[in-house]
Amino acid sequence: MNVEVAVAAANTLGECPLWCDRTEKLYWVDGRAPALHTLDPATGETAGFPMPETIGSICLTNDGGLLGAMMTGVFRLSLKGKVGEAVAWREPDQPDNRFNDGRCDRRGRFWVGTMNDKARIPTGNLWRLDGRDAVRMAGDIIVPNSLAFSPDDRTLYLSDTYRHEIYAYDFDLDDGAISNRRLFSDLHDRPGRPDGSAIDAEGCLWNAEYAGGRVVRYRPDGRIDRVIEMPVSQPSCCCFGGRDLDELYITSARQRLSPGELEAQPLAGALFVVRPGVKGLPEARFAG
């Protein structure tokens with residue numbers, strides 16, 4: 001598949017691309033040079049809006065805005081990056097934790113993970129936000145990523161990036177319960193680590209392998225179906241976008257690369273697009 005540059009963004013840590021079917025624009029964040037970015041593929045116009053603190057992920061909201069999962073809390077955001085009220089605050093007993101990857105389920109609940117921002121230790125948790133009610137759903141996490149829901153709403157995917165593993169849970173859409181955690185993919189024998197993911201309409205999971213230079217498509221049974229080799233070593237997350245949801249957008253990072261590595265990877269930190277021949281699903285919106 002032909003990997004194209006959508007935006008030569010040079011993000012420090014590009015993350016969480018998100019397609020809005022109302023505005024027909026793509027939104028994503030730079031977590032470490034904190035900003036919200038937008039792309040209008042129809043015109044090629046881009047914009048960037050600085051954020052006041054580290055931001056790990058975003059989701060769409062029913063009222064036409066965004067939620068931003070940031071260092072100290074989950075905040076309402078306008079589409080131009082104006083920070084509003086907090087929906088949730090980080091754990092008071094874990095002052096070194098911050099919010100990271102997140103995604104809405106189809107009942108409008110935002111699932112978001114936390115991680116220790118100073119040390120790679122398992123103080124992170126998975127939270128379910130239903131309006132202003134926050135419920136801890138899982139713990140003992142080092143770096144949470146890959147949050148995604150199967151098209152039939154029966155499976156939730158979650159990776160622990162620094163454990164090099166992707167997990168699958170049984171998921172009950174009606175009551176928001178998860179159970180029966182099991183290993184979906186073990187990446188210990190690969191150079192990359194599992195970062196952000198997207199689900200396609202056929203129920204396959206697309207995962208960006210950070211430091212592995214590729215994006216992998218998994219079948220629902222965990223078998224690798226397809227591999228996209230990237231021109232950069234640190235692809236970070238992916239999503240389906242475009243009017244027909246037939247374009248796969250992929251963010252990347254340039255953080256921690258040496259001068260020599262940056263010279264060899266001039267596109268590190270760019271936003272890429274691939275046309276994989278399958279379609280994605282519309283993103284759910286936060287109902288709170």
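Asn97 is found in strand β10 (residues 97-104), where strands (E, at least two residues) are DSSP runs numbered from the N terminus. Asn97 is buried, its relative accessible area being 0% (buried means under 20% relative accessible area, with a 1.4 Å probe and protein chains only). The model is predicted, so that local features need pLDDT of at least 70 and side-chain atom pairs count only at pLDDT 80 or more, while totals for chains, interfaces and linings use all residues. Residues are numbered from 1 along each chain as its sequence is written, and side-chain values use heavy atoms, with hydrogens and water left out.

**Surroundings of Asn97**

- The side chains of Asn97 and Thr123 are joined by a polar contact of 2.8 Å, a term for a pair of N or O atoms within 3.5 Å in which, within protein, one must be able to donate a hydrogen and the other to accept it, and for which residues adjacent in sequence count only if both atoms are side-chain atoms.
- Leaving aside residues up to four places away in sequence, Asn97 touches Met71, Arg90, Glu91, Thr114, Met115, Asn116, Thr123, Gly124 and Asn125, contact being defined as heavy atoms within 4.5 Å.

**Aromatic pairs and charges over rings**

- Seven aromatic pairs are found in a search of the whole structure; rings of Phe, Tyr and Trp (its six-membered ring) pair if their centres lie within 6.5 Å, and planes under 30 degrees apart count as stacked, over 60 as edge-to-face and the rest as tilted.
- The Trp206 and Phe240 rings have centres 6.1 Å apart and planes at 80°, so this pair is edge-to-face.
- That pair links distant parts of the chain, with Trp206 in strand β19 (residues 205-210) and Phe240 in strand β22 (residues 235-241), 34 residues apart.
- Trp206 is buried with a relative accessible area of 0%, and Phe240 is buried with a value of 5%.
- A cluster of Trp111, Phe149 and Phe171 is linked by ring pairs.
- The charged end of Arg120 sits over the ring of Tyr162, 4.9 Å from the ring centre, under a criterion that requires NZ of Lys or CZ of Arg within 6 Å of the ring centre and within 35 degrees of the ring normal.
- Arg181 lies over the face of Tyr167, at 4.0 Å from the ring centre.

- Strand β12 (residues 124-130) and strand β13 (residues 133-141) run antiparallel and are joined by six bridges, two strands being paired if DSSP finds at least two bridges between them.
- Trp127 has Arg136 as its bridge partner in β13.
- The two strands form a hairpin with two residues between them, and Gly131 in the turn has a positive phi of about 65°.

- β22 pairs with strand β23 (residues 247-252) in the antiparallel sense over six bridges, and Cys237 has Thr251 as its bridge partner in β23.
- Another open sheet is formed by five strands in the order β9-β8-β7-β6-β25, and its pairing is mixed.
- The edge strands of this five-stranded sheet are β9 (83-89) and β25 (285-286), each pairing on one side only.
- Strand β6 (residues 55-61) and β25 run parallel and are joined by two bridges, with Phe286 in β25 as the bridge partner of Thr61.

Note on methods. Helices (H or I, at least four residues) and strands (E, at least two) are DSSP runs, numbered from the N terminus. Buried means under 20% relative accessible area, exposed over 50%, partly exposed in between (1.4 Å probe, protein chains only).
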